[in-house]
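Welcome! Try each task on your own before you read the solution.

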Amino acid sequence: MAHTERRDTKPEVELRRILHARGLRFRVDRPILLDRRRRADVVFGPARVAVFVDGCFWHGCPEHATWPTSDAEFWREKIIANKSRDRNTDSQLEGAGWHVERVWEHEVMEVAAGRIEVAVRSCRPPDRLRDSM
């Protein structure tokens, strides 16, 4: 598990490709809170939309999460802490005026991109709407 990629996972790359094809421009793997370890996978700065692509195992997906049997207590605590940190991050960002989108790695990325596009276009400042027509 030490070799698990932190960024540029297959779902992230697919989502970014779709978003870019829809004419949306963004930053990748950016810290957006004072805690520099908490980084959004995709950031739309002017619109203040942060997107996180969560892995089913690491973030405890309600549909696909599995609990390892080896060193089970360690992994249970780790995944519970990840979920708690995700909720805290969402709360901090929303409190700072950001819109947060969480995408599970198993989601259909076209559908997730549609949801994100709606959020970006509705949150974007008026002078940035030129490409939404």
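**Exercise 1. Is aspartate 29 buried or exposed?**

*Solution.* Keep in mind that this is a predicted model.
- Step 1: Find the residue. Aspartate 29 sits in strand β1, which covers residues 27–31.
- Step 2: Take its relative accessible area, which is 7%.
- Step 3: Compare that with the cut-off: buried means under 20%. Aspartate 29 is therefore buried, because its value is 7%.
- Step 4: Look at its surroundings. Leaving aside neighbours within four places in sequence, aspartate 29 is in contact with Arg6, Arg7, Arg39, Ala40 and Asp41.

**Exercise 2. Work out in which pattern helices and strands follow one another along the sequence of the protein**.

*Solution.* 
- Step 1: Count the elements. The protein has three helices and four strands.
- Step 2: Read them in sequence order. The pattern is α-β-β-β-α-β-α.

**Exercise 3. Find out which parts the pair of tryptophan 58 and tryptophan 75 ties together**.

*Solution.* 
- Step 1: Start with the total. The structure holds five aromatic pairs.
- Step 2: Describe this pair. Tryptophan 58 and tryptophan 75 are 5.7 Å apart, centre to centre, with 65° between their planes. Planes over 60 degrees apart count as edge-to-face, so this pair is edge-to-face.
- Step 3: Tryptophan 75 is buried, at 15% relative accessible area, whereas tryptophan 58, at 24%, counts as partly exposed.
- Step 4: Widen the view. Phe57, Trp58, Phe74 and Trp75 form one aromatic cluster.

**Exercise 4. Decide whether the radius of gyration of the protein agrees with that of a compact globule**.

*Solution.* 
- Step 1: For 133 residues, a compact globule would have a radius of gyration near 14 Å.
- Step 2: Compare. The protein has 16 Å, which agrees.
- Step 3: Along its principal axes, the C-alpha trace spans about 55 × 30 × 25 Å.
- Step 4: Of the 133 residues, 39% are buried. Among contacts with a separation of 6 or more, 56% come from residues 24 or more positions apart.

Note on methods. Residues numbered from 1 in each chain as written. Predicted model: local features only at pLDDT ≥ 70, side-chain atom pairs only at ≥ 80, totals over all residues. Heavy atoms only, no water. Helix = DSSP H or I, 4+ residues; strand = E, 2+ residues; numbered from the N terminus. Rg over C-alpha atoms; globule rule 2.2 N^0.38 Å. Buried < 20%, exposed > 50% of the residue type's maximum accessible area, 1.4 Å probe, protein only. Contact = heavy atoms within 4.5 Å. Phe/Tyr/Trp six-rings, centres within 6.5 Å; stacked < 30°, edge-to-face > 60°.
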